[in-house]
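Student: Could you go through this model with me? I'd like to start with the side-chain contacts and then move to the strands.
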Amino acid sequence: MNDERIRAYRDAALAMTSGRFNFDISVAGEDEVASLGRALQDLGCYLEKKFAEIKALTTATEKINSALVVEDVFNYVYDSFKGLIPYDRIGVSLLDEDGATLRARWARSESSDMRINPGYSRSLQGSSLREIFRSGKPRIINNLVSYLESHPNSDSTSKIVEEGIRSSLTCPLIAMGKPIGVIFFSSMKPETYKDVHIDVYLQIAGQLSVIVEKSRMYQQLLDLNELKNKFLGIAAHDLRSPISAILASIEMILEGDYGPVSEPIKDALKVIETSSSGMLNLINDLLDVSAIESGHLELKVQPVDLDDFLQGCVSMGKHPAGKKSIRLELGYHQYLPKVLADHDKLKQAMSNLILNAINYSGRDTKITVSARPEGRYVVISVADQGQGIARDELKKLFKEFSKTSSRPTEGEASTGLGLAIVKRIVEAHGGKVWAESELKKGSTFYITVPVAPDDRTE
């Protein structure tokens, strides 16, 4: 048979194998060839829809696997699947830990008057949802008005009907073989859902189960971390006062306020003083980390005169540096603009950098504090002539309790928190922190602080 339509149909079939479903073929006529063309056209529409479903599900899977926040994923699903499956409302309810109560977790609707919102709960005792959890299979109700007439005591159905919903498809959420909740797809039109929709809905429900469970575990970690911070805060706060009292008493004894003290006792007291000072530094660092991690790091930013500020930081470091005959100097010779910073927090960061340099420097060396404008920021550096840090260990810096193979030159106490606190403070200002070092040639630590708007030259 020499029929041009056959060639066109063959080309259309080849196009579909390449993922192209929009083709123009003639389907006019009542013969078998025309019937074949119409069937091919219907197949193209069906495959195009399925292809779109698979693509949307694949994208949703990637989104789900990369997310930790349930609301983000649910909103994404709501926005992305509108063209594939019918719904005017999606709601998610999760089982409480006792497994006896179902609580609304998230909902979004085209209705401006949602009657079931997050927090709404109901007991599973006597609920028809028990069967969904038992069987693991979806449930379709295509006429909620009729369903309510036969189940007049169903408060949730009454509320959803008042919202304008007329049909629903309910899918169980199963994670690690256990039911964790349900997802409701609802429409304002009756007779919306067919068995053909179930496979797509089950795939969505399966993916959402993963993110729900992952989000639960993530939230548990956040709760545990918050509990840890509270415990550290309470413990550290309660310890700081007695240790401060011990240090004050030792200082008074060493200064002779209570009479003469023999040299052996002085030596013993100095050991106690050193250990207590180390403990107090650790407690203060723990309090700082606890406050930062719990979101209580509040910055009171204002223009700060950097020249006066850095001179104050160097003056404060002169005493501990002098104990090791270390020269602590300012190394800049140019105008410095004001920076926008919390004076006290920035001073804390600089103090940590300077004391860190002193601790890791040998006697009779030099530490230089420098600063230079660089665009919208000022780069501040603290350079020492100490032992340096191995290149492969630089990545350990600025992490809590992370230490390198370098050690304080005279056994000074190190909590492993000082540089981590510097990083948190600097980043809270919108700046950056990094270090450059070479073994046996010293290290330089850098921070950037934003220039105050009135002093910007660009």
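Student: Which residue's side chain does Glu374 meet in a salt bridge?
Tutor: The partner is Arg372, and the two side chains meet at 3.2 Å, N to O. Please keep in mind throughout that this is a predicted model.

Student: How many salt bridges turn up in the whole structure?
Tutor: A search of the whole structure finds 12. One of the pairs is Glu329 with Arg327, at 3.7 Å, N to O; Glu329 is partly exposed at 30% relative accessibility, and Arg327 is partly exposed at 45%.

Student: Which residues are linked in a network of salt bridges?
Tutor: Asp113, Arg115 and Glu162 are linked in that way.

Student: And what does Lys423 pair with?
Tutor: Lys423 meets Glu427 in a salt bridge of 2.9 Å, N to O. Both residues lie in helix H11, 4 residues apart, which is about one turn of the helix. Lys423 is partly exposed, with a relative accessible area of 28%, and Glu427 is partly exposed as well, at 41%.

Student: Which residues of H11 are buried, then?
Tutor: The buried ones are Gly418, Leu419, Ala420, Ile421, Val422, Ile425 and Val426. After H11 comes Gly430, whose phi is positive, near 90 degrees.

Student: Which residues other than glycine have a positive phi?
Tutor: Among them are Ser325, with phi near 55 degrees, and Lys440, with phi near 70 degrees. Ser325 sits in the loop between helix H9 (306–322) and strand E8 (327–330), whereas Lys440 is placed in the loop between strand E12 (433–438) and strand E13 (442–450).

Student: How accessible are Ser325 and Lys440?
Tutor: Ser325 has a relative accessibility of 38% and therefore counts as partly exposed, while Lys440, at 78%, is over the 50% cut-off and therefore counts as exposed.

Student: Switching to strands: how does E1 pair with E2?
Tutor: Strand E1 (residues 89–95) and strand E2 (residues 101–109) pair in the antiparallel sense over 7 bridges. They form a hairpin with 5 residues between them, and Gly99 in the turn has a positive phi of about 70 degrees. Looking at individual positions, Leu94 stands opposite Arg103 in E2, and Leu95 has Leu102 of E2 as its bridge partner.

Student: What else does E1 pair with?
Tutor: E1 is also joined by 6 bridges to strand E6 (residues 178–187), and these two strands run antiparallel. Leu94 has Gly181 as its bridge partner in E6.

Student: And which strand does E2 join by 3 bridges?
Tutor: That is strand E3 (residues 121–123), which runs antiparallel to E2, and there Arg103 stands opposite Ser121.

Student: How many of E1's residues are buried?
Tutor: E1 is mostly covered, with 7 of its 7 residues buried. In a regular strand the side chains alternate between the two faces of the sheet.

Student: How far apart are Ala175 and Val210?
Tutor: They are 35 residues apart in sequence and 6.4 Å apart in space, C-alpha to C-alpha. Ala175 lies in strand E5 (residues 167–175) and is buried, with a relative accessible area of 9%.

Student: Last topic, the surface. Which residues make the nonpolar patch?
Tutor: Leu221, Leu224 and Leu227 make a nonpolar surface patch of about 330 Å². Leu221 is placed in helix H7 (residues 198–254), and Leu221 counts as exposed because its relative accessibility is 56%.

Student: And which residues gather in the patch of positive charge?
Tutor: Lys395, Lys396, Lys399, Lys403 and Arg407 gather there on the surface. Lys396 is in the loop between strand E11 (377–383) and helix H11 (418–428), and Lys396 counts as partly exposed at 32% relative accessibility.

Definitions and conventions
Residues numbered from 1 in each chain as written. Predicted model: local features only at pLDDT ≥ 70, side-chain atom pairs only at ≥ 80, totals over all residues. Heavy atoms only, no water. Patch = residues over 30% accessible without salt bridge, like charges linked within 9 Å, V, L, I, M, F, W, Y side chains within 5 Å. Areas by Shrake-Rupley, 256 points an atom, 1.4 Å probe, with all protein chains shown as cover. Salt bridge = Lys/Arg side-chain N within 4 Å of Asp/Glu carboxyl O. Lys, Arg positive; Asp, Glu negative; His and termini not counted. Charge placed at Lys NZ, Arg CZ, Asp CG, Glu CD. Buried < 20%, exposed > 50% of the residue type's maximum accessible area, 1.4 Å probe, protein only. Pairing = 2+ DSSP bridges.
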